[in-house]
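Please look at the structure below with the briefing beside it, and take the topics one at a time.

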Amino acid sequence: MGECHYLEGNYTAQKRINFLKPLINFVGIEKERLHAKWVSSAQASELVNDITNFIDDLREMGPSPLKSKINPDSIKTDRYKP
Amino acid sequence: MQFIHPIQEIVRTGVFICHCGSNIAGIVDCRSLTKYCLTLPGVVHATDNLYTCSEAGIRQIMEAIKNNDLNRVVVASCSPRTHQPLFQSACKEAGLNPYLFEMVNIREQCSWVHAKDLEGANKKSRDLVRMGVAKASFLKPMIEIESSLVPAALVIGGGVAGLSAATAMAGMGLRVFLVEKEPQPGGLLNNLYSLASEYQQPCVHHLSEPEYQSSCTLQHFSSEHQSSVRHYIDDLIKQTETNPDITVYTSSQILSVTGYIGNFEFIAKRDIKRDAVQNNIEHVAVQNRSQDIVARNNVIAKADIESYLKENTERIRQKVGCIIVATGAVPYQPDKEFGYNGSTVITQMELERSFLDNTFKSDRVVMIQCVGSRTSGREYCSKICCMTAVKNAMVIKQKKPDSEIHILYRDMQMYGVENEKMLWDARGAGIRFYVYNEKEPPVVENGVVGFYDPLMGEFKQISCDLTVLSTPLTPSKESGCLAKIMKLPVDHDGFFLEAHAKLRPLDFSADGIFVCGSARYPATSMEARAEGLGAASRAASVLFRERLVKSAIVAKIDSETCVMCEDCLKICPFEAITRNPEKMVCQINPILCKGCGCCAAACPSQSVTLAGFEHQQLFAQIRAIN
Amino acid sequence: MIEHVKTIAKQLLESGQITGFLSLKKEHGQIGPHLFQSVDQLDYLCLGDTTGTENRESSTEERYSGTVESKPEIETNRASGKQENQSGAGKSRYPLNKILVRISRNYPSDCFGILVRGCDERGLKRLFALNQLDPDKVVRVGIACPQDLADECECLEPWPDKWVNDTEKTDGSEKEKIDGTEKSDKAPHEPVRQKLPCESVARLESLEARDRFDWWMEHFARCIKCYGCRDICPMCFCKECSLQDDNLVRTGEIPPEYPVFHLARAVHMAERCIDCGLCSEACPAAIPLRTLYKKAGDIMSNESGVRPGYSDLTPSDIGNLPQTGEY
Ligand code: SF4
Ligand code: SF4
Ligand code: SF4
Ligand code: SF4
Ligand code: SF4
Ligand code: SF4
């Protein structure tokens, strides 16, 4: 961290990730589906490990809820009438 | 999959798939990938070859551009880091704008990482090429940005580093402006009696004389060399002051710096009266240099000098192409720590002063290292205090061979062959070294220093008539102001932060500004000089160019839609964005912009576009994923 | 209270300090925003509806919660509100800030007065910080909201920094009375702060992730992409809106690509939403947008310790806020 080619670029990215995680969690997309890690060019094995773990986690969680889009016709509109 | 075609022209994309020997072709089926490419929208030509970056491969690209009237080129091969410029120049040579080129990495990202998954690697390479082609269709031709430059430099700070940089640049024929806040250049060296580097080396006094190599190999500081620091710094000052290409502004302070690499403009304030008073004293004292130092310090200390500050100032405004920051550092002044009182408990700096004034009288001296450094609040090692202490101990030994000298340290930082030798010689000369614990620091009371010696496991007491505290160099207040004025980054200790400690040690991340000497980190005079020369050559490498050319990948704000909310301005790491309150918009200076794209991501109304990574291009790429 | 507001407005207008006073006007039984430019018009000035028009916020609640039990309670609230606040602040709210931004873009050198509630003032502070309004060109006249409205809003601060105070009528000196900008020590009503997270947010958080997803998706799927939420939002002052960008949200699809459409807006609102609830009220599909933005605000205040509009932020301060943007 802090050694970004664009100075504070990676801090900015971190802030954004920190914000997005709880937000997507709030709309029901597991926050574990968004993952960010900072590795330097010298930490190859760490990167590999991290990605492998992330993929395993994703497998465990199954496909994203976004893949199963809701059919708008199936929505019971009457429930929401005033 | 959905593609939107730009309306203005018919996209004719050529795709080149590289085998990279067997690096790619061993895993990815390049033949079928090529066939697949031909099915992609806009692709009119696709071919694969053994090494696209070879001369034959490049020729193939150039011929294909001409024969097929291509207006987009996509190469699927290795890393754009290494090869993009080569392919871009091939496009340029064939008459195609180099920014209409897109590169896809199917070696590192497909064949190498997915070597064990043939099917996956092939699928991914198809995906990536498809994305690349999608982005390519939205690329726009761009031209590089050129700007003129002023072949002059500003050096801030007239210590060793600044003087060295100034003389070096003037020696190359550049115009130099040197701004020094004190009435006299010279920096900290003005207050020193001797330098550690003089020890056992051809002394600087003789550096300019050709015979020094044979004659001057003194083993210690002889009385003849006592004034060698003075001589050294005077020599540097003279070189600076007599050089017609250097303008020295003493008693001056930088007020503002605007502009960008090649075209900076600075405004400084010069205190004429203070300068005049000082120069009078110079005249009086010119015959006797050592008195001069005393006189100078006395005069400056006088409060009435400060009152001149308000009136009698002169404004200096100059244009320069590069700036070298050499503002140096100041020794930490203890506040009663370890019983500091300025008379029997003093700092190394004050010890040097007493050498200069010939007021040094003590026989039994204790020196305490790391006073105010390597503790909470100031965690760094000032790096020069250990050698200063040992050097001063040797000076005392030489003045008074019978004196007792004890040095209490936590770790000895005596890097380099010469310093190591000096340490061994000091031990040989009977100077005693004791280690102490940070947790149980020595206590100085009525001429007795008490401390716990962890090696012996016992408390010790040494009585002495002088205690000398080795305090670190700390960033000066002026450096802090300057950092704000020039928007330069400082580290958490307050020293200026270079762009990269190892790869770009003297550069700031803002182009055209360089740092050297103790402003960056405590440095010995030799290091400061070397850094000064280094910074000078970095600046010269910019200033000797005819024009500055920079990549066209910069951001731009649409002034029609921008509402000056400053989201982009706050986020830009390079201070490239300024506000224009008249038009109620923000603007980007293309020379300062490095194309990081933070602003483009931050703007809610997408008023910022990063050339080469426009929203349309990126979304086309993303939408092409599925 | 309304008389005080009128007196202050009159003074401001007569002294020439302001060109106009932006507030609500009641004419022929209808309430709407109005820029009062002459003193004689002030008779029509009104602080909102106190006689019980349909409360859209609460009906939004009902519509999505599907419960009817809360209704009687709200009735009583409304009734009591009516009694207590005969001359006090009513419930009908309008994006006065938004109108002010538009006016001052056209008349940048004029100074205007504006009637502010808690949320309006929070909005003003953000708008000052984001350079959309000049603090020197705005005179605020504050009013506090009735308790029942605050409860419905789940409002953390239903009053501005300074508000026209009823109690001063009796004991304050003449000057204080018309000044009306004194900060009263007393909060106009308890509780001072709602507990966090707000009930609406907490309720959703107690659900399983998948249920929460379905819940939101059902809501989002009803969106008719009318841009009503954006158009009414005082903080949406962009000249060109990302939500209309074909690249980000594909055009020609209803409902719009969700959740991209709503999340993109939520991200924009992270640094801006001052939690006024106008968006939820305006949404014809009764999507509880405010709850989403409340959560965004919670995250922001967790991350940075600052909630948009709740502290006086100067442009240099907000450099320390986490930066957000789309995607
Ligand atoms: S692209 Fe990066 S450097 Fe350029 S203006 Fe935007 S934020 Fe600043
Ligand atoms: S973020 Fe966008 S709207 Fe705001 S100032 Fe920057 S370009 Fe303008
Ligand atoms: S959010 Fe609701 S209660 Fe709070 S100030 Fe605004 S209108 Fe009043
Ligand atoms: S997003 Fe909704 S609650 Fe937030 S400021 Fe805009 S209208 Fe008000
Ligand atoms: S939704 Fe975003 S882009 Fe659109 S007007 Fe609001 S802040 Fe601006
Ligand atoms: S107001 Fe409601 S329906 Fe209209 S665009 Fe916003 S969320 Fe969709």
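**Ligands, strands and an interface**

Of the 13 residues around ligand 1, the nearest are B:Cys572, B:Cys593, B:Cys596, B:Gly597 and B:Cys599, where a residue is near a molecule or strand if one of its heavy atoms lies within 4 Å of it. This is a predicted model, in which local features need pLDDT of at least 70 and side-chain atom pairs count only at pLDDT 80 or more, whereas totals for chains, interfaces and linings use all residues. Residues are numbered from 1 along each chain as its sequence is written, chains are lettered from A and ligands numbered from 1 in the order in which they are written, and side-chain values use heavy atoms, with hydrogens and water left out.

**Shells around the ligands**

- The shell around ligand 1 is made up of 10 nonpolar, two polar and one charged residues, with Ala, Val, Leu, Ile, Met, Phe, Trp, Tyr, Cys and Pro counted as nonpolar, Asp, Glu, Lys and Arg as charged, and the others, Gly among them, as polar.
- Ligand 2 is surrounded by 13 residues, of which B:Cys562, B:Cys565, B:Glu566, B:Cys568 and B:Cys603 are the closest, and its shell divides into nine nonpolar, two polar and two charged residues.
- Around ligand 6 there are 13 residues, the closest being C:Cys223, C:Cys226, C:Tyr227, C:Cys229 and C:Cys283, and by class they comprise 10 nonpolar, two polar and one charged.
- In chain C, helix H11 (228–232) and helix H12 (260–270) each give at least two residues to the shell around ligand 6; helices (H or I, at least four residues) and strands (E, at least two) are DSSP runs, numbered from the N terminus.

**Paired strands in chain B**

- Strand E9 (residues 252–260) and strand E10 (residues 263–271) of chain B pair in the antiparallel sense over eight bridges, and two strands count as paired if DSSP finds at least two bridges between them.
- These two strands, E9(B) and E10(B), form a hairpin with two residues between them, and B:Gly262 in the turn has a positive phi of about 90°.
- Within this pairing, B:Tyr260 stands opposite B:Asn263, while B:Ile254 has B:Ala268 as its bridge partner.
- E10(B) also pairs in the antiparallel sense with strand E11 (residues 313–320) of chain B, over eight bridges, and there B:Ala268 stands opposite B:Ile316.

**Where chain B meets chain A**

- Nine residues from chain B and six residues from chain A take part in the contact, which is defined by heavy atoms within 4.5 Å.
- The two chains, B and A, bury about 670 Å² between them, 63% of it on carbon and sulfur atoms; buried area is the accessible area (1.4 Å probe) that two parts lose on being put together, summed over both.
- B:Ile571, B:Pro573 and B:Phe574 supply 44% of the area that chain B buries against chain A, more than any other three residues.
- Across this interface of chain B and chain A the rule finds zero salt bridges, a salt bridge being a side-chain nitrogen of Lys or Arg within 4 Å of a carboxyl oxygen of Asp or Glu.
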